[in-house]
Amino acid sequence: DQIYNHLAKNTYMSDANLRLPVVLMTAIGGGYSDAAQHSQCLYGLFAHVPGLKVVVPSNAYDAKGLMIQAIRDDNPVMYFFHKGIMGLPWMAYYEGSTTEVPQEAYTIPFGQARIAREGTDVTIVSLSQMVQKALLAAAQLEADGIRAEVIDLRTLVPLDVETVLRSVTKT
């Protein structure tokens, strides 16, 4: 209730006179038998709540840049990170998720998807650790002569509709 009816709506209810620079961060994803309540991905649920920004990085580099952007934002941000991009020794992760991270501060703007792989035949739109799995699928498709483009959304809200539509219309 505090997230749905208070945090998300108070900016609107105050006619934008109230700033709520809050970042709620939570881990998502399973992969090592951590039970149902520790293996869910609730970003889709929160993406449908007006007033919340929803961030879901797919790699360590994006995780830092998106977190700094979230901290600097004057609006409530839900930040979901997959446990598989943390490089935990007991957690399986995919190549590409544990990327190099510069020490200096940098931001990645919300609503700007990343083309993780160029392609011309089909488009795969994904986020979080599924980006790495989509890249593996694209490599398998390449063996069959199908060039798949992979888009990493990075954020669900705001959603980079332009990049997705541009990609879909070219394939």
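**Leucine 42**

I looked up leucine 42 and found it in the loop between strand E1 (23-28) and helix H3 (43-46). Helices here are DSSP runs of H or I with at least four residues, strands are runs of E with at least two, and both are numbered from the N terminus. The model is predicted, so local features need pLDDT of at least 70 and side-chain atom pairs pLDDT 80 or more, while totals for chains, interfaces and linings use all residues. Residues are numbered from 1 along each chain as its sequence is written, and side-chain values use heavy atoms, with hydrogens and water left out.

**The whole chain**

Next I stepped back. The protein chain has six helices and seven strands, in the order α-α-β-α-β-α-β-β-β-α-β-β-α. Of its 171 residues, 39% are buried.

**The cores**

I wanted to know which residues have the most contacts inside the largest nonpolar core. They are Tyr43, Val54, Val56 and Phe80, in a core of 16 residues. H3 and strand E3 (77-82) each give two or more residues to this core. A core is a set of buried Ala, Val, Leu, Ile, Met, Phe, Trp, Tyr and Cys residues joined through side-chain atoms within 4.5 Å.

Another core, of 11 residues, lies apart from that one and includes Val55, Ala70, Phe81 and Ile108.

Back to tyrosine 43: leaving aside neighbours within four places in sequence, tyrosine 43 is in contact (heavy atoms within 4.5 Å) with Ile28, Val54, Val56, Phe80, Leu127 and Leu156.

**Helix H4**

I checked the length of helix H4 (residues 60-72). Its 13 residues should span 18 Å at 1.5 Å a residue, and the end C-alpha atoms are 19 Å apart, which agrees. The expected span is 1.5 Å times one less than the number of residues. Buried residues in H4 include Ala60, Leu66, Met67 and Ile68. Among the elements covering the buried residues of H4 are E1, E3 and strand E4 (114-117).

**Serine 167**

Serine 167 sits in helix H6 (residues 161-170). Serine 167 is buried, because its relative accessible area is 3%. Not counting residues up to four places away in sequence, serine 167 touches Thr123, Glu149 and Ile151.

Most residues other than glycine have a negative phi, and most peptide bonds are trans. Here, the bond from valine 157 to proline 158 is cis, with omega near 0 degrees. Proline 158 lies in the loop between E7 and H6.

Aspartate 15 has a positive phi, near 55 degrees, and is exposed, with a relative accessible area of 63%. Arginine 154 has a positive phi near 70 degrees, but arginine 154 is buried at 12% relative accessible area.

Technical notes:
Buried < 20%, exposed > 50% of the residue type's maximum accessible area, 1.4 Å probe, protein only.
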